[in-house]
Every structure is written in C-alpha cells, then in structure tokens.
Amino acid sequence: MSDSTADRVLAPTAPGERIHTLDVLRGFALLGIALVNVEFFSRPLQDINAPGIDPATSGADYLVEWLTYFFVQGKFWTMFALLFGMGFTVMIDRADRAGRPFVPAYLRRSLALLGIGLVHTVLIWSGDILVSYAIGALLLLLARQVRRAWLRRSQGREPAPMTASRMGGWGAALYGLPLVVILLAGMLDSPPSTSPPTRAQTEHATRIAEKAVQRANAVEAYSHGSFADAVDQRIVDTTWQMGTLPIATFWVIGLFLIGGSLLRSGAMSNPQACLHWLRPMRNVGLPLGFVAMAISTWLGTASPDEELSFREAVQVVLFLVASLVLALAYGATLVMALPGSAGRWLKDWLAPAGRMALSNYLMQSLIGTLLFYGYGLGLWGQVGRAWQAVGVLAVFALQMLASRWWLARFRYGPVEWVWRCITYGRIVPVRG
C-alpha cells in the first residue's frame, strides 16, 4: 500500500501509537469488575438490588463482602465506561486530525460491540455491560452528528471538535440528571396508608411477585438446568434488564463524555503536564469519595429500583456520586504512580491484560459460569465470598500471564482482532 493510499484509510492504532496508560487502567478496571461479577455467577441477577452487604454473612465472608461493596462495587464499572469513552474518542480524534470520515467505521465498531454483547448475554452470562455500552455509543454518535449539522447550518462552516471542558460538563450533567430524578422521587414518597391499596400499589405488588418468580426460575435454571435451560433464562433476564436502559443510558453516555474529556485534555497521553489537576483529583477525590460512601453505607446498602423513600434516595445518590468520584480518584492515583518504582510492574503486567480487556472480560464470564452453573461444575451457592475473591485473584493472575504470552506473539487479543476486522471492513494483520 502506498503512502498516499494509507493516508486515506482509517486503520487500527499501531502498537507504537498506543496510549499505554489506558491499557494499565483497563487491566486495573478488569480486576475490579471481576471481584463484583463473581458474586452473580452464583446468585441470580434479580438480587442485584438486594443489600450489597448481606447481614447473614460472617467472618471472612462478611469482611470480603464489606470491602468489595465499599471500595470496589460501582467504581470499576464506572472506570470501565470512562475508558470505553476514551477509546471511542481516540478513534474520533484520529479521524478528525487526518480529515478522514469515521462514521462508517464507528457504526461498524458500535454494531459489532452490540453483537458481541448479545452473544455474551445470551450464550454466556446475562450480567453483560457491552450491550449498554454499544447503545450508548450509537446514541452518542447520533447526538454528535445532530450537533454538527446544527452548527454547520447556524455558523455556515465546519464546527470545531467539542473542547475537553465542554465534553466534561455535558458528561457530568448527563450523569447527574438521573440522580436529581432519584432525589425528587424520594422527596415525593408518601408514607404508608391504612386505606385500601391504590392501583399503583397493586401493580407494584404484582411486579414484586413476578420478580420473585423470575428469581426462583433463575436459581433452578442456573444451578440445576442444562445449557439450553440457562440460555432460555438468560433471554428472560436480559429482557428484564432492558427496562433499566433508559436511565442507565444517561449514565453511560455521561461517563463516555467524561472519559472523552480526560483523553482530549491530554491527561492520558501526557499525564506529567496535567499534574496540576490530577493531584487534586486524587487528593480531594479519595477522601470525598470515601466520606460519601461511608454516609451511603450508614444509610443502607440496598439499591431499590422503585418507590424509594427519601432516605433510600439519598443513600443511592451518594453511592453513585462516590462511584464516579472514586473511579476518577483511583484512576488519577494509578496514572500518577506510573513514572514511579511501581510503574514498570504495572506496565509489564496490567497493561497486557488491559490490551486484551474484551477477551479477558468474556473469558471471566465463561470461566465463572462453567464453575458455578449446573451444566458446568455445579458450584452454585457453595462458595463463600472470601473464596470467590481468592478465585478471582487466581484467575486474574493467570489472565495476566496468558495476556503477556499472547501479545508476545500477536498484536491483538482474539476478540479484539475480530472487533477490529469488522470495524475497518477488512482483515487486519494480527502478527508483527
């Protein structure tokens, strides 16, 4: 291929152009996600809003459950979403700088992610996050194209890319909007009445009963059923979870924009030049996030999905605020550690796992379901939280080793390679 032809072709990021900071952060986020997900390889997803710290546990299991809830749950899903937003922004910015069209490739990338997510949620594990990421990415593209068309018409010229600060502001607003709605819903909550139940109360009771039936069916299908039984149940679970997408999409798009603003600001490619705000992100974010988590945990650890009291609404909002603040603070802490003595180890071990984050994420689900589900080893409900955490650390250590071995021979992880081939509409070289 000649240089002139290459200049016109949108291609994957070359190894020498990778932002290795993102790979380290992806590897770190992958570990945190696994520590949370492992509980729901052995527990139905209908319990997702049950108390995050089960009072029935004790000893080491209670300690691990408390530590996971306080320091991990919510924070690493948030970090992963921020990183996905950074990845999409890398693609947009590279195309804009080169003056190349990116919409067809972006559409293929997002639709391919949607397809991978649907395969994951139906055939492997229904606690998937990729489908919501793909839908968020498609909606973000639509919003971007509408904005650019409106600015072209109103200004009569090609609009400049959105600045990092504006992206961050829009992201924070979109993330915060559902939090305001949750608080308002809690404020409008009415005390229990001794009068006959209203239609809304009756419908609420019916939904609770239906959820209980779904939970019982899920336990039976996953703990004792065949693979076909599990697939049928995963379809039911996925359909049920689609009801949360309208609110979740605000969070996803908001996090994508915040992540994109961090990427566009240069904090990932040149963190030493951004220490003036990375330091406060760490030094203020860590104590602020932990205080918010402490108050939220004191108020409660369940996450009711409807008819919240004001106390429950405050608890949920503080949890979600702490999740974002701590995700940013954890990320800043890790980025600032890279130039230090720990940086070499992080780049050598976490970065390869992060470069293969999609493959490793899917492999974690495959291993988890084969260990716990009835069509695998059938350990459903038999492994406490402490041993679950030990298992996650062991599997992640093996994934770090396997990722280093694989990337010493190939440029991309297996699923990442397929994703890139679909994105760019051709077979991408995998060696070299």
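This is a predicted model: local features need pLDDT of at least 70, side-chain atom pairs count only at pLDDT 80 or more; totals for chains, interfaces and linings use all residues.
How many cavities of 30 Å³ or more does a search of the whole structure find? The search finds 3 such cavities.

**View A. Packing of helix α10 with helix α13.** Two packed helices are described by the angle between their axes and the distance between the axes. Helix α10 spans residues 245-264 and helix α13 spans residues 310-337. Their axes lie 13 Å apart and form an angle of about 25°. Because angles under 35 degrees count as roughly parallel, α10 and α13 are therefore described as roughly parallel to each other. The crossing of these two helices is right-handed.

**View B. Residues in the contact of α10 with α13.** From α10, the contact is made by W251, L255, I258 and L262. From α13, the contributing residues are L320, L324 and L328. By class, the residues of this contact comprise 7 nonpolar, no polar and no charged.

**View C. The largest cavity.** Rolling a probe the size of a water molecule over the atoms shows where empty space is left. The largest cavity holds about 130 Å³ of space. Its lining consists of 15 residues, and L25, M86, L262, A327 and G331 lie nearest its centre.

**View D. Elements and residue classes in the lining of the largest cavity.** Two or more residues of the lining come from each of α4 (75-98), α11 (275-283) and α13. The greatest contribution is that of α13, with 5 residues. The lining divides into 14 nonpolar residues, 1 polar residue and no charged residues.

Note on methods
Residues are numbered from 1 along each chain as its sequence is written. Side-chain values use heavy atoms; hydrogens and water are left out. Axes are lines fitted to C-alpha atoms, for helices over the stretch in contact, and angles run from 0 to 180 degrees between N-to-C directions. Helices (H or I, at least four residues) and strands (E, at least two) are DSSP runs, numbered from the N terminus. Angles under 35 degrees count as roughly parallel, over 145 as roughly antiparallel, 65 to 115 as roughly perpendicular and the rest as oblique. A crossing is left-handed if the near helix is turned anticlockwise from the far one by less than a right angle, and right-handed if clockwise. Contact means heavy atoms within 4.5 Å. Ala, Val, Leu, Ile, Met, Phe, Trp, Tyr, Cys and Pro count as nonpolar, Asp, Glu, Lys and Arg as charged, and the others, Gly among them, as polar. On a 1 Å grid over the protein atoms alone, a cavity is a set of points where a 1.4 Å probe fits but cannot get out, and a pocket is an open set with protein on both sides within 12 Å along at least five of seven lines; lining residues have an atom within 4 Å of a point. Grid points are joined across faces, edges and corners, and a volume is the space filled by probe spheres set on the points.
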